[in-house]
Amino acid sequence: MILILCHLHDADAVWLYQRLKRASPPDSVAIVSVDELLYARTIRHTLTIDSVDFYIQLQNGLTLTNDTLSLVINRLYYVDPVAWKQPNQVQYQYVSQELNALYLSILHSLDKTRLYNPPSASWLAGRNLSPAEWQLLGLRSGLAIPPDWPPVDTQPPPDTRVLVIDGRLLGELPDGVSPDACRQVAQQVGMPLLELHFTGSRFINATPLPMLHQYGDALIDHLLTATTHGTDLGHTERIAHPAAA
Amino acid sequence: MVLIWGIPSESPIQRLLDELDTLEQPYLAVSQRHFADTDIQLTVDSSGTLGGTLTYQQQTYPLDSITGLYLRLTDDETLPEFKQLSPDDPLRSHARQLVQHLTLWADWSGVRIVNRMAAMASNNSKPYQAQFIRQCGFRTPDTLITNEPADVIAFCRQHDDRVIYKSISGVRSIVQTWQANGDADKLALVRHCPVQFQQQVDGFDVRVHVIGELCLATRITAHATDYRYALQQTGESATLTPYELDDELASRCVDLSRALDLAFSGIDLRIAPDGTVYCFEVNPCPAYTYYESHTNQPIAARLAEYLSGHDNYYRRVWQL
């Protein structure tokens with residue numbers, strides 16, 4: 001199963017779900033919001049001498065385990081237990097930290113070769129860098145950046161977006177920008193899926209939460225193919241996504 | 001020069017400053033409370049090398065004169081000077097930007113640092129950290145995190161009702177023994193928020209402080225479930241004594257600290273009667289003075305040597 005984890009307002013996750021679902025047999029693609037995870041019927045995460053496992057059963061009956069997932073698109077960045085907000089602020093903060101700690105561990109336990117993107121200790125969606133840090137990393141990787149570094153935190157919207165996915169570039173690269181430098185930025189932060197933002201040919205920012213719809217069929221094809229290439233790790237049920245098998 | 005940033009009255013910082021004095025190493029201690037008198041200006045050259053200046057109480061220092069950095073930051077919101085600011089006071093954004101620039105420089109300049117802010121976050125999730133611990137060859141106690149009461153009952157049965165529970169996150173919690181009968185009424189509460197249960201492991205506790213590639217270990221003898229609260233749990237204080245690690249175990253501790261990108265860490269071990277070494281967690285910002293004051297182990301001295309790149313540190317690593 002391809003699993004998309006997202007927040008309720010994530011229109012790009014919904015777009016991705018609809019496009020993948022259209023290209024796939026029934027029940028082979030699922031989209032799960034953070035709220036469904038919050039109200040899951042059963043959550044079980046175990047660490048034993050032999051294994052690290054999880055079992056999540058949602059209220060709609062959908063069951064998630066490591067063995068049933070062929071690919072995970074992780075667009076979670078924070079688990080907010082809103083139901084705890086009203087009763088008590090201290091308990092809300094405690095529950096919030098506990099749930100984020102739990103999902104960090106569960107996401108980390110997923111096979112990294114099937115996960116876009118792995119979480120980091122400080123952010124469920126991956127490395128959480130400021131625009132100044134992205135630009136510094138870009139500069140060190142060979143990209144041109146604006147002259148007024150460090151930038152203010154609020155960046156103007158980019159005029160070009162380029163997606164790096166598994167080292168492949170989707171979208172139109174601005175003139176003079178090195179594709180290898182873009183790949184290197186993604187590689188350095190350990191994120192197989194990263195959107196790079198440019199103003200002119202200058203690199204201004206990056207995000208692991210891209211505007212997926214901009215990459216259309218090329219992205220869908222890549223994800224469906226990704227479920228078939230080099231992914232047989234001994235779990236026969238995960239060898240191939242049915243649409244691409 | 002070594003830069004120390006935090007609350008200078010805290011004992012880990014005080015002890016470090018004492019030892020830097022003893023080594024006659026230059027340092028600058030920046031009080032986080034004096035954020036209004038502190039500023040960092042950052043620059044970058046065309047190759048991506050960071051530079052800039054630190055201004056503190058009217059003195060300006062080039063950042064490239066700083067070779068070692070010790071961070072022990074507290075949340076701005078807890079600082080009295082910050083709390084008294086009105087919501088729209090520009091000093092609030094100044095204080096935040098200051099920490100952002102400090103973090104950026106600390107993480108990307110290549111300075112010898114204890115510890116990177118991003119690395120310290122691993123302690124925010126015990127099971128996440130446990131996955132690194134396992135990769136470094138340590139046992140971790142069987143662990144169950146669940147919102148399902150039946151799972152808890154089965155786990156307790158599996159471990160003969162010798163189970164503890166504690167927070168999943170880095171929130172400080174007192175480790176408690178789960179009482180199968182007495183705590184039965186609490187069981188339904190796990191439905192509201194998953195709880196972490198762990199197999200109770202027999203043995204004695206060892207705290208290992210890893211400093212770069214060196215280890216200083218302390219044995220803790222206590223009858224309490226959580227030795228930090230031994231007095232309140234058992235009426236008796238814990239006893240702390242220096243402990244000698246064998247080379248293989250010391251090497252694994254250094255590997256674990258490195259795997260978590262921590263130059264300085266406090267690793268909590270329990271040595272079982274059969275010699276199996278369990279690791280509970282790794283503290284990325286250890287309040288080491290508790291162990292030092294009970295044993296006279298030279299933790300602050302080793303830390304000062306490491307941060308200043310002193311010859312003594314390398315002599316000890318290379319056993320010269």
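Guide: Two residues count as being in contact when their C-beta atoms, placed from the backbone, lie within 7 Å of each other. With that in mind, remember that this is a predicted model. A case to begin with is B:Ala263, which sits in the loop between H8 and E15 of chain B.

Visitor: Leaving aside its neighbours within four places in sequence, with which residues is B:Ala263 in contact?

Guide: The contacts of B:Ala263, once neighbours within four places in sequence are left aside, are B:Ile113, B:Val114, B:Asn115 and B:Gly212. The C-alpha atom of B:Ala263 is also separated by 8.5 Å from that of B:Arg112, although the two residues are 151 residues apart along the chain.

Visitor: How should I read the helix H8 of chain B, and what span should its 13 residues have?

Guide: A helix can be checked by its length, at 1.5 Å a residue, and the 13 residues of H8(B), 247-259, should therefore span 18 Å, which agrees with the 18 Å between its end C-alpha atoms. On this helix B:Arg252, B:Cys253, B:Val254, B:Leu256 and B:Ser257 are buried, and the buried residues of H8(B) pack against helix H5 (126-135) and the strands E12 (204-211), E13 (214-221), E15 (264-271) and E16 (277-283) of chain B. After H8(B) comes B:Asp261, whose phi is positive, near 65 degrees.

Visitor: How is a sheet read, and in what order do the three strands of the open sheet in chain B stand?

Guide: Strands of a sheet pair through backbone hydrogen bonds, and the pairing may be parallel or antiparallel. In chain B three strands form an open sheet in the order E3-E4-E5, with antiparallel pairing. Strands E3 (38-44) and E5 (59-62) of chain B stand at the edges with a single partner strand each, so one side of each has no neighbour in the sheet. From one strand to the next, the twist averages 15 degrees. Between E3(B) and the antiparallel strand E4 (residues 50-56) of chain B there are seven bridges, and B:Gln41 stands opposite B:Thr53 in E4(B). Helix H3 (residues 90-108) of chain B packs on this sheet, where it touches E3 and E4 of chain B and has a direction at about 45 degrees to that of E3(B).

Visitor: For comparison, do E1 and E2 of chain A run parallel or antiparallel, and how many bridges join them?

Guide: Five bridges join E1(A) to strand E2 (residues 29-33) of chain A, and the two run parallel, with A:Leu3 standing opposite A:Ala30 in E2(A). Five of the five residues of E1(A), residues 2-6, are buried, and both faces are covered, by which I mean that A:Ile2, A:Ile4 and A:Cys6 on one side and A:Leu3 and A:Leu5 on the other are all buried.

Visitor: Turning to helix pairs, at roughly what angle do the axes of H1 and H10 of chain B cross?

Guide: The axes of helix H1 (residues 11-23) and helix H10 (residues 299-308) of chain B cross at roughly 65 degrees and come within 8 Å, and the crossing is right-handed. Among the residues that meet there are B:Leu16 and B:Leu20 in H1(B), and B:Leu303 and B:Ala304 in H10(B).

Visitor: How many residues of chain A are in contact with chain B?

Guide: The size of an interface is often given as the accessible area lost when the parts come together. Counted by contacts instead, 30 residues of chain A meet 32 residues of chain B. Strand E3 (42-47), helix H3 (89-109) and helix H4 (131-141) of chain A each supply at least two residues of the side of chain A that touches chain B, and the largest share of that side, 11 residues, comes from H3(A).

Visitor: Against which elements do the buried residues of H4(A) pack?

Guide: Nine of the 11 residues of H4(A) are buried, including A:Trp134 and A:Leu137. The buried residues pack against helix H5 (179-188) and strand E11 (202-207) of chain A, together with E3 and H3 of chain B. Just after H4(A), A:Gly142 takes a positive phi of about 110 degrees.

Definitions and conventions: Residues are numbered from 1 along each chain as its sequence is written. Chains are lettered from A and ligands numbered from 1 in the order in which they are written. This is a predicted model: local features need pLDDT of at least 70, side-chain atom pairs count only at pLDDT 80 or more; totals for chains, interfaces and linings use all residues. Helices (H or I, at least four residues) and strands (E, at least two) are DSSP runs, numbered from the N terminus. The expected span of a helix is 1.5 Å times one less than its number of residues. A residue is buried if 20 or more other C-beta atoms lie within 10 Å of its own, exposed if 12 or fewer, and partly exposed in between; C-beta atoms are placed from the backbone. Two strands pair if DSSP finds at least two bridges between them. Axes are lines fitted to C-alpha atoms, for helices over the stretch in contact, and angles run from 0 to 180 degrees between N-to-C directions. A crossing is left-handed if the near helix is turned anticlockwise from the far one by less than a right angle, and right-handed if clockwise.
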